[in-house]
Every structure is written in structure tokens, then in C-alpha cells.
Amino acid sequence: MERKLYPLRPMQRWLIDTHFEKAKSTMMNIAFCFRLDPLIDVERLAKAINDTLEHHDIFKCRLAIDLETGDICQRFDGAISPTVFERMNAEQFELRKEQLRAPYNLIGTPLYRIHILEVDDQNYLYVDFYHAMMDGVSVSFLFLHELAMRYRGGLRTFQNPAPSYAERIIAEQNISDAELETSRNYWRRMLDGFDEDKHLPPADIHSREAWAQNTIDIDMQNVTTDYFKSAVIKENTFFIAATMLSVAKLTGSDDAIISWVHNGRINRRDMKLFGLMIEQLPIKFDFKRDITVSEYLAALDAELATGLTHMPGLDVIYSEGLEDYCVSFIMQGKINKTTYIIDDKPVEVVDVPQNDYSAVENAIDVEMNVNDDGSYTLVLDYDASRYSERAMKNFAATFDEIILALKDGGRMLSTILHGEGSQS
């Protein structure tokens, strides 16, 4: 029987192409390990997980080679790979954690792993999804919410067919060529003039292997979530503005080009769709014309909204590699929580250490996390073959200073970029 092949969505293709730069790495693994409450029935939990897997076609996804064109495609007819049970002692578990996060064999195999680890008197759940099939919203919100609901017996919620990722791909094939080209030209203009030397902070390391990964977390001192309860600007726009000004200040440039991540879900049906939906949208701002902070934030917010209307044309960005080295911003919010709930019982996230397979995806990923007390933590995931930890701490300090400056709507941008007394 001939299997139906579906093209990769542009973002999927870009992630896979990026992965081929470091094919044996785990740069595309989205992995969590949870310490389960002793009262959670692991057999019942495994059934809830397996039922969730059966309900969504993304878990039947397999990458395949189109024999006529040689292109990597995908099909949605694979068998579900059920939850695996492993039994071990505490010492074995410490060794096992080092190897839980492993590379995927991409063609023809399941693109996720789910294990329940029974360790002496303590049980753990390990989930690992390949990023080109699942994004953070799918994992941290949709998947974990559904398995928790199924564990409690909330089956009525899932009686109807789930939104189909395969059907989403088919619908996107019907976008007109004229609409696509208009959007593609918008993105080409947005990235016109991008220069790695001009729009990335200057590298201060040149001796390590490319794509080496490191991460630092820095607590922000100059803003909390309370600020946005009365501010007229969106939280996301505010922090994108801070990222762009930080890049411009550190590079000494009169413009900034970065990219920002949107969850790609624009209606209620999309919010229930399991799969890779995120998009990475370039944004450019020219600081040659001196304006106030309020004017800057309003103009940037309008441009971000315009960009969302052109998402169908982002394929040109991925296919032509126009933003491979942009600084990338993502408003994580509380997506990386430390505790989840199953059956009213806390499920704590346990660190899964980086290993020899680890690698970084972008030059600098700027991630903003919201803490339970309303404070923010800036997470910089960066290419340690370019940047030292000291350089990233300097980026974070600059970022926090600019956050404070952005709270003064009447302040001129030139004074932020060049100091008080500057004139355009």
C-alpha cells in the first residue's frame, strides 16, 4: 500500500536543516524528567499517556524520503510507541539520567520517547520530543494537561477527533501564490542588510568547537509583572524592545535586526493542536531617527502586529537561511514551570543534565521567564564557541539597565544608546 507523503512545514524544514549541522546532537530534544508523587499509579498514568498519544496524529508522524524528489517529507501512519517501563536502583538512575537525552534517528522512527522509571521507592516520568514535531506549548501545556485529565478520568473532553496536524499541512497548501509572494517580499525587506558582524554582539571567544552550548540565568532587578498591570504596552513588545536596544548598544549599530518567537496559534482550534506551530519572525528597527521611548514602543508594537499577518511567507526565511544567526527572543512566561499537578498531587521537574550530545541552535537565544513571585529571570542560551560567560553577563546587565530606561516613556532613544546629552 502506498503511503501518503506530506511536505514539511517551513519551520519544520528549518529546524531539521539546522540539526543537520550537528546531526548527532540533542539540540532539537525537548525533554522533561518528573519526580512522581508516590500515590500516583504508574500503570494508570501509562494508560493516560498512551491514550493521549493515540488521540493525536502528530505521534504517528514519521519522517520519510520522497523517492521521486529526494526531499524529506512526513507521513502520519506510524504505529504509536507506547510508554516504556524501566526498573533500577538509585545508583543506576544517576547513571541513566546522563543518557536519557539522546539523538534521534530521524527517518522512519518515532520522534518521541516516554519512559516511566521505577527507582527503588521513587518513580519518575521522562518525556522527550523532537522539536520539529512538537513545540513548547504542545509539551508543557497541551500534552501534560491532557494526560492529567485522562488520569483523572475526564474522558468526555476527548471524545471528539483531535485537530489534525496533517490537515493543517493540507490547508496551508491552498494559500495563493500572490499572497505568499507578498509576504515573502515583506520578510526579504525586513532582513535586507543583515550582517552577522553588525547585528550580533562581538564574539570574544574563537578557539572552541562550533555550536558549543552554555546557558546562564540572571534575575532581572528593574521590572516585575506588576508593571504591566498598568502599562499600555504589551509585555512581549517591551522585552523585544529591550533586546533590540541591547543588541544595538553592544554592537554600536544604528539599527537592530533580531527574530522573535510566536506560538503560531491564532484561533481556538490552533490552541488545541499538538505539533510544531511556533514561528520565528524577523524584526528590524532603525534608530537613526531619534524618538521617545513611547514612540518607539508604539511603532515596534505595530510592526510586530503587521509581521503576524505575513506568517505564510516565512518559508522564504527558512529556505534562504536569511536569519540563521539572528539573536532570537522568546517570551517563555511560565512555560518552564518547576512543578506540575497530576490528580491534585505535585509532580516536580528534575534536572536532566547536558551531555556529550548537547549543542546550541542559535548564536544567542534570549528567553524571558516569569517566576511565581512576579519577578523575571533572563535565560541566555548561547554559542559558547563565540561568547564567554562574562560576555553574556554583560549582555544581561545591559538588558536590565535598558529595561529601567524603557519605563520612562518620554526618554529619547539616543540617551539610552549613547548616553545622556546625546543628540541625533
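Modeller: A residue counts as buried when its relative accessible area is under 20%, as exposed when it is over 50%, and as partly exposed in between. The model discussed here is a predicted one.

Colleague: Why does Asn-123 count as buried?

Modeller: Asn-123 has a relative accessibility of 17%. The limit for buried is under 20%, so Asn-123 counts as buried. Asn-123 is found in strand β7. Leaving aside residues up to four places away in sequence, Asn-123 touches Phe-34, Arg-35, Leu-36, Val-42, Leu-117 and Glu-118.

Colleague: Why does Lys-272 count as exposed?

Modeller: The value for Lys-272 is 52% relative accessibility, and exposed means over 50%; Lys-272 therefore counts as exposed. Lys-272 lies in the loop between β9 (255-262) and β10 (279-286). Not counting residues up to four places away in sequence, Lys-272 touches His-56, Leu-142 and Pro-163.

Colleague: Is Gln-99 buried, exposed or partly exposed, and what makes it so?

Modeller: Gln-99 has a relative accessible area of 43%. Gln-99 belongs to helix α3 (residues 90-100).

Colleague: What makes strand β14 (residues 364-370) largely enclosed by the rest of the structure?

Modeller: Seven of the seven residues of β14 are buried, so the strand is largely enclosed. Ile-364, Val-366, Met-368 and Val-370 point one way from β14, while Asp-365, Glu-367 and Asn-369 point the other way.

Colleague: How do you know which strands pair with β14?

Modeller: Two strands pair if there are at least two bridges between them. Strand β11 (residues 328-333) and β14 have five bridges and pair in the parallel sense. Within this pairing, Phe-329 has Val-366 of β14 as its bridge partner. Strand β15 (residues 376-383) pairs with β14 in the antiparallel sense over seven bridges, and there the bridge partner of Ile-364 is Tyr-382. β14 and β15 form a hairpin with five residues between them, and Gly-374 in the turn has a positive phi of about 90 degrees.

Colleague: Why is one side of β1 (6-7) and of β3 (62-65) left without a neighbour in the sheet?

Modeller: The open sheet has three strands in the order β1-β4-β3, with antiparallel pairing. β1 and β3 stand at the edges and each has a single partner strand, so one side of each has no neighbour in the sheet. β1 pairs with strand β4 (residues 72-75) over two bridges, which meets the limit of at least two. In this pairing, Tyr-6 has Gln-74 of β4 as its bridge partner.

Colleague: Which are the edge strands in the open sheet of six strands?

Modeller: The order of that sheet is β5-β6-β7-β2-β13-β12, and its pairing is mixed. Its edge strands are β5 (84-88) and β12 (339-342), each pairing on one side only. From one strand to the next, the twist averages 30 degrees. Within the sheet, strand β2 (residues 29-35) and strand β13 (residues 345-350) run antiparallel and are joined by three bridges; Arg-35 stands opposite Glu-348 in β13.

Colleague: Why are helix α9 (residues 235-251) and helix α12 (residues 389-406) called oblique to each other?

Modeller: Their angle is about 125 degrees, with the axes 9 Å apart. Roughly perpendicular covers 65 to 115 degrees and roughly antiparallel begins over 145, so α9 and α12 are oblique. Their crossing is right-handed. Among the residues making the contact are Phe-238, Phe-239 and Leu-245 of α9 and Phe-395, Phe-399 and Ile-402 of α12. By class, the contact has twelve nonpolar, four polar and one charged residues.

Colleague: What makes helix α6 (residues 177-190) and helix α10 (residues 293-308) oblique?

Modeller: The axes of α6 and α10 come within 11 Å and cross at roughly 140 degrees. Roughly antiparallel requires an angle over 145 degrees, and α6 and α10 are therefore oblique to each other. In the contact, Tyr-186, Trp-187 and Met-190 of α6 meet Glu-303, Thr-306 and Gly-307 of α10. These residues divide into three nonpolar, two polar and one charged.

Methods:
Residues numbered from 1 in each chain as written. Predicted model: local features only at pLDDT ≥ 70, side-chain atom pairs only at ≥ 80, totals over all residues. Heavy atoms only, no water. Helix = DSSP H or I, 4+ residues; strand = E, 2+ residues; numbered from the N terminus. Axes fitted to C-alpha atoms, helices over the stretch in contact; angles between N-to-C directions. Parallel < 35°, antiparallel > 145°, perpendicular 65-115°, else oblique. Left-handed = near helix turned anticlockwise from the far one by under 90°. Contact = heavy atoms within 4.5 Å. Nonpolar A, V, L, I, M, F, W, Y, C, P; charged D, E, K, R; others polar. Buried < 20%, exposed > 50% of the residue type's maximum accessible area, 1.4 Å probe, protein only.
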